[in-house]
Amino acid sequence: MQQQAGGSHPPLTTAQGIPVADNQNSLRAGARGPTLLEDFVLREKITHFDHERIPERIVHARGSGAHGHFELTRSLAKYTTAKILTEVGARTPVFARFSTVAGGAGSVDTPRDVRGFAVKFYTQEGNWDLVGNNIPVFFIQDAMKFPDVVHAVKMEPDRAFPQAASAHDTFWDFISLTPEAMHMIMWAMSDRAIPRSLRMIEGFGIHSFRLLDSQGRSTFAKFHWRPELGLQSTVWDEALKLQGADNDFHRRDLFEAIQSGQFPAWQLGVQLFTEEDAAKFPFDHLDPTKLIPEELVPLTVVGRMVLDRWPDNFFPETEQVAFCPANIVPGIDFSDDPLLQGRLFSYLDTQLSRLGGPNFHQIPINAPKCPFANHQRDGHMQMDVPKGRVNYEPSSLQADSPRATPAGFRTHTTVADGAKVRLRAESFADHYSQARLFFRSQSAPEQAHIASALVFELSKVETAHVREAMVGHLRHIDPDLARRVADGLGLDALPPAPPARVPPQDLPPSPALRIIDRMKDTLQGRCVGILVHDGSDAAAVAALRKAAEKAGATVKIVAPKLGGALLSNGRRLAADGQLAGTPSVVFDAVALVLSKEAGAMLAKEAAAVDWVRDAFGHLKAIAADAGAQAVLKAGGVVRDAGVVEAGEVAAFIAAAKTRQWAREPKVRMLA
Ligand code: HDE
């Protein structure tokens with residue numbers, strides 16, 4: 001094969017810089033003879049290849065990242081000295097990585113799972129990492145339990161399955177014996193755990209942090225990211241089918257959005273409160289299984305993050321980025337949340353084995369963008385060449401050797417004089433009230449999704465007593481939820497509720513915790529698929545495309561053949577996707593513009609019939625012309641507010657901006 005000519009290709013060399021004359025054939029004794037050990041070009045190439053992999057992250061292994069910037073819009077100078085939170089208008093470069101938790105690096109993007117939301121701010125005062133999730137609470141209250149919860153959710157050790165799924169015995173066994181997990185379980189079973197896009201998730205720092213002013217006075221802060229595109233989730237059947245349709249659905253979506261200039265953006269919000277405020281909360285803010293309802297402490301938006309550059313190369317950037325919650329800057333400090341305290345140890349430790357030594361901060365993606373200097377030396381892969389005699393302090397031999405500075409990081413002078421104990425605070429003992437708060441704050445369809453998710457997950461659990469123990473816990477959260485799940489599992493009687501250390505209280509509902517009601521009616525950032533075939537009405541296709549694009553959507557043409565279709569105007573319209581490989585799960589709304597003949601033909605094609613059946617089942621808007629009615633009929637699609645004529649463009653666009661929740665009870669038996 002001839003390589004393409006042109007360009008000014010630099011010479012290919014070995015890693016030692018030796019130009020290579022032949023990159024196709026190894027060195028042999030005769031054309032058909034044995035390969036020679038002397039072939040350093042071959043040996044170096046293969047050796048490097050053999051070592052291309054590094055250990056994947058033990059959790060959050062599967063992730064996608066992007067570069068961008070953060071801009072402060074409102075100063076927090078009253079509370080903190082941190083420049084990143086006080087200099088309005090200043091732009092700070094960031095790198096953000098989004099991840100699933102349970103699956104390996106090569107697993108799918110759309111399992112039911114928590115999403116990691118980690119941001120590295122390269123500030124003038126050093127790197128600040130806000131390493132959060134898309135859910136504001138966590139499974140456990142103490143770092144001691146982290147290896148257990150992770151072992152339980154990952155594939156079972158004897159059989160090595162299931163990959164990237166919590167629907168199995170070991171996970172639910174652990175959870176059923178861990179009442180503190182109940183609040184998080186409500187979130188994990190909600191639609192938050194099956195997002196439509198990484199661009200449409202919220203982010204939460206979870207723990208309380210401290211902001212410190214110039215006098216060292218402390219205000220507590222919780223950090224929240226709000227997506228400008230609004231929250232959006234999939235429906236569970238859609239998430240399952242996406243796993244088959246496109247393993248990389250979220251990664252591709254983020255890549256395509258950034259490459260096409262539709263830069264995802266989030267507002268950064270903070271909840272600020274004092275020690276005195278906290279003393280009045282009906283829960284302990286240091287307990288990471290608790291959130292602070294926005295109705296109690298409102299969110300103040302202070303800045304905006306935009307992701308506008310995809311990494312040049314996945315491995316050196318997204319794979320080698322090393323986040324660490326201990327990376328904070330002067331003016332920010334930790335709280336005593338015991339989960340956070342454990343995390344402060346874990347991340348640096350894990351990077352040592354994952355990235356191979358103590359100099360991983362020199363890898364470009366991890367290096368601060370402000371000057372940095374100290375007396376740490378040597379170690380694997382040292383890239384710096386420090387000059388001079390002095391690598392210690394105190395010293396008097398070198399005028400430019402680094403010294404500690406009064407402007408440096410200071411810790412809040414929290415009084416800590418308790419006895420050394422292994423004891424869980426009594427204020428952490430209420431495990432059900434906020435689980436109830438979350439469940440009861442949801443809209444009816446969301447409650448049905450939570451109940452159905454529990455039925456799905458527990459139906460994959462083989463051990464009866466684990467299923468029953470879980471339903472027992474649900475009785476404390478909401479008796480009706482327990483009944484629905486018991487019914488969905490086919491239990492004859494409600495299992496007993498376990499003893500509750502603190503009886504659940506009824507807290508005021510927090511509508512801010514919903515997704516469905518808070519979704520934006522918009523086509524911005526969404527994708528509309530139009531199915532065409534030979535003879536499709538060109539004007540109808542053009543009108544639909546124009547209106548969808550005007551509303552902000554990306555439009556993709558789908559046809560039985562990639563070459564596209566010869567439309568009614570005699571022009572060929574190229575397809576973006578071939579029907580068999582582009583199921584409707586990858587779109588937010590679909591339209592079909594087909595001639596009578598094409599409609600009759602595609603009514604016998606399973607891929608086309610599934611296209612409409614799934615779009616209907618996944619509560620999407622469908623526009624179809626007369627020719628396409630045969631396909632709709634074959635797919636069991638019946639007319640409702642979201643199923644419109646292809647000519648009713650405005651109605652289609654309005655319906656496409658949202659999901660057809662009213663349709664759900666007609667297409668699915670929810671618990
Ligand atoms: Fe993590 N977590 N975690 N975690 N975590 C890791 O660090 C750990 C926790 C989170 O995109 C690891 O570099 C412990 C809460 C994200 O690279 C590891 C505990 C939250 C990411 C680790 C927690 C998170 C990680 C694995 C309990 C939300 C991915 C590889 C005490 C606030 C960051 C690595 C990325 C990654 C430990 C709990 C978020 C092993 C011990 C709570 C987003 O260090």
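Let's start on the surface. Glu275, Glu276, Asp277 and Asp336 gather there in a patch of negative charge. Keep in mind that this is a predicted model. Glu275 is partly exposed, with a relative accessible area of 45%.

Next, the iron. How many donors does the protein give to the iron atom of the ligand? A single one: the OH of Tyr347, 1.8 Å away. You will find Tyr347 in helix H9, residues 338-354.

Now, salt bridges. Side chains of opposite charge can pair when their charged atoms come close. Here the count comes to 37 salt bridges.

Take Arg91 and Glu71. Their closest N and O atoms are 3.2 Å apart. Arg91 lies in strand E2, residues 91-100, and Glu71 in strand E1, residues 63-72, so the pair ties together parts that are 20 residues apart in sequence. Arg91 is exposed, at 56% relative accessibility. Glu71 is partly exposed, at 25%.

Buried or exposed, Arg659? Arg659 counts as buried, because its relative accessibility is 7% and the cut-off for buried is under 20%. Glu238 is buried as well, at 2%.

Glu648 is partly exposed at 32%, and Arg639 is exposed at 53%.

Last, a network. Salt bridges with shared partners join Arg192, Glu202, Arg226, Glu294 and Arg518.

Definitions and conventions: Residues numbered from 1 in each chain as written. Predicted model: local features only at pLDDT ≥ 70, side-chain atom pairs only at ≥ 80, totals over all residues. Heavy atoms only, no water. Donors = N, O, S within 2.8 Å, 3.2 Å for Na, K, Ca; no water. Helix = DSSP H or I, 4+ residues; strand = E, 2+ residues; numbered from the N terminus. Patch = residues over 30% accessible without salt bridge, like charges linked within 9 Å, V, L, I, M, F, W, Y side chains within 5 Å. Areas by Shrake-Rupley, 256 points an atom, 1.4 Å probe, with all protein chains shown as cover. Salt bridge = Lys/Arg side-chain N within 4 Å of Asp/Glu carboxyl O. Lys, Arg positive; Asp, Glu negative; His and termini not counted. Charge placed at Lys NZ, Arg CZ, Asp CG, Glu CD. Buried < 20%, exposed > 50% of the residue type's maximum accessible area, 1.4 Å probe, protein only.
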